[in-house]
Amino acid sequence: MATMESLIVTVNRIQRACTVLGDHGGDTALPTLWEALPSVVVVGGQSSGKSSVLESIVGRDFLPRGSGIVTRRPLVLQLHKTEQGVQEYGEFLHLPKKKFSDFSMVRKEIQDETDRITGKSKQISPVPIHLSIYSPNVVNLTLIDLPGLTKVAVEGQPEGIVQDIESMVRSYVQKANCIILAITPANQDIATSDAMKLSREVDPTGERTFGVLTKLDLMDKGTNAADVLEGRAYPLQHPWVGIVNRSQADINKNVNMIAARQKEREFFATSPDYGHLASKMGSEYLAKLLSKHLESVIRARLPGITSLINKTIDELEAELSHLGRPVAVDAGAQLYTILELCRAFDRIFKEHLEGGRPGGDRIYGVFDHQLPAALRKLPFDRHLSLQNIRKVISEADGYQPHLIAPEQGYRRLIDGALNYFRGPAEASVDAVHFLLKELVRRSIAETQELKRFPTLQAEIAAAANEALERFREESKNTTLRLVDMESSYLTVDFFRKLPQEVEKGGKPTSLSADRYAEGHFCRIGSNVSSYVGMVSDTLRNTIPKAVVYCQVREAKQSLLYHFYIQVGKKEGKQLAQLLDEDPALMERRQQCTKRLELYKSARDEIDSVSWAGRNQFTRLGSAR
């Protein structure tokens, strides 16, 4: 099992990695590890003695002081116990490898770094400052100091600062992994304590809250806080701890913290009110109590944190795979990328046509439903009406009536009827063209790799649609040519097989005055209708063949042929323009990459602790 020191140090390292890689919690767009890590958060009003408690635990003066809101950014304070005799120093995450042995300079750097983010306008910021202090006089512990709760904005601060501070504090203390260190001055009514009020709201059972009473030495004479410290007046699941901070006079005289700790111990040991509690009072006891509890919480939550880390790594890697690798800068690699993206689109487009994805079946619907319906609706009844037949035959005969059969009239009637087939032929071409354009649009939308490159998307769409226009023109010419072929040469055998008109006695009729009788024109109309029906059946089969050959087949084989030729002629700068990514996707990939780096770093830290624990267990077993 990992030691207490290694567990707390591990969480310290992960917290530092969170800050470096931009995970401060509260980010709903990305998974957050910060909020899963157990932490001790220091909460109190502006005059509660919060800063003095922290300095007592550390044993050094290092926090900015002043009136109003002094702490304007979260301060993640990581304490590392060192061997006796080792010089104390502080180190900031934003200034790696720079050691501050002069703690007055630590105070100045906290102030300067706060102003760097918030300016001197007394605004607050959720971006934390990380400070590590290495000293033989501390325990391994991490504390997060937050801006003091206040009820009134001071001069120079916006009116919303009160609510902003409470919202920031609440965002920390409402987490299930947060240990709340609620600081309350003993010389004020605890019922009005800002820290305890907020703690009660987010932790009504008190299982996450440690109560700290400060300024016990400043209570009115004849009063004490024994009822609170003994858990009777305001019970919590953890013991209350009393603290005696340095007085303002001690601070002005630069009384060091080691002497102040001794003075604090003497206060409790000699106090008639708190003497029986002396062993469980004071800043040193508080630090040890918090360190031990933090270690137990980390140990209990570690399996869940490990599971969260592994799950999130898988999710981030899947998303990065979906987002794709960053674009190469080499022209050859860029050309290869463009061609691969085109092939990905082309593959999806073919799947739509061939049945792997929906859409291609609608083309068959044009041939099986739309074309036959259009053929049935052609106005042959009007064209072959008795009145029109008589008119066409008469006009075809001219001044010389036909002698045997009105051949010119037949031809004019048939040509006029066949001309109607041009409409359904063109409509079939246009319908398939529309469906192919729709499949291009859907295929581009479904090509996930292309979503990164809106410029290339648009170029491929334009090139594909241009190709479809060319295919449509060729298909239209071909199908209309089929119609024209039927008009240019009539099927003679059809007419040779028609029955001749006979007299009542069974002999063929001779020229007679009833040549223009109604029955004669009806027979002509019937013959033409039969021939047109035969042609209709033929075109119903040949038009789909022409459309598929000229449009669908060409789209499958050479949709981007001309585009490939054009891309091959482009130079590096032009290729780079095609691969100009969507800025939002670039930013998302960068965010995911940084967050993945964080989670992998956290996994490595936890793995190193686990291995250390197993090795330690093995050595102990061997010794026995």
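Colleague: What volume does the second largest cavity have?

Modeller: Bear in mind that this is a predicted model. The structure holds 2 cavities of 30 Å³ or more. The volume of the second largest cavity is about 30 Å³.

Colleague: Which helix gives the largest share of the lining of the second largest cavity?

Modeller: Ser-56, Val-244, Met-257, Ala-260, Arg-261, Glu-264 and Ser-283 line the second largest cavity. By class they divide into 3 nonpolar, 2 polar and 2 charged. The largest share, 4 residues, comes from the helix spanning residues 257-270, which is α8.

Colleague: How much space lies in the largest cavity?

Modeller: The largest cavity has 13 lining residues. Among them, Val-70, Thr-71, Arg-73, Ile-110 and Thr-114 lie nearest its centre. The space in the largest cavity is about 100 Å³.

Colleague: How many nonpolar residues are in the lining of the largest cavity?

Modeller: Helix α3 (residues 103-118) supplies the largest share of that lining, with 3 residues. Sorted by class, the lining of the largest cavity has 3 charged residues, 3 polar residues and a nonpolar group of 7.

Colleague: How are α15 and α16 oriented to each other, and why?

Modeller: Helix α15 covers residues 422-446 and helix α16 covers residues 454-488. Their axes come within 9 Å and cross at roughly 165°. An angle over 145 degrees counts as roughly antiparallel. The orientation of α15 and α16 is therefore roughly antiparallel.

Colleague: How many charged residues are in the contact of α15 with α16?

Modeller: The crossing of α15 and α16 is right-handed. In the contact of α15 with α16, 11 residues are nonpolar and 5 are polar, while the charged residues number 8.

Colleague: Is the crossing of α10 and α18 left-handed or right-handed?

Modeller: The axes of helix α10 (residues 331-354) and helix α18 (residues 518-558) come within 9 Å and cross at roughly 150°. That makes α10 roughly antiparallel to α18. As for its hand, the crossing of α10 and α18 is left-handed.

Colleague: How far apart are the closest N and O atoms of Glu-315 and Lys-311?

Modeller: The structure holds 29 salt bridges. One of them joins Glu-315 to Lys-311. Both residues are in helix α9 (residues 283-323), and because they are 4 residues apart there, about one helical turn separates them.

How values were computed
Residues numbered from 1 in each chain as written. Predicted model: local features only at pLDDT ≥ 70, side-chain atom pairs only at ≥ 80, totals over all residues. Heavy atoms only, no water. 1 Å grid on protein atoms, 1.4 Å probe; cavity = no way out; pocket = protein on both sides within 12 Å on 5 of 7 lines; lining within 4 Å. Points joined across faces, edges and corners; volume = space filled by probe spheres on them. Helix = DSSP H or I, 4+ residues; strand = E, 2+ residues; numbered from the N terminus. Nonpolar A, V, L, I, M, F, W, Y, C, P; charged D, E, K, R; others polar. Axes fitted to C-alpha atoms, helices over the stretch in contact; angles between N-to-C directions. Parallel < 35°, antiparallel > 145°, perpendicular 65-115°, else oblique. Left-handed = near helix turned anticlockwise from the far one by under 90°. Salt bridge = Lys/Arg side-chain N within 4 Å of Asp/Glu carboxyl O.
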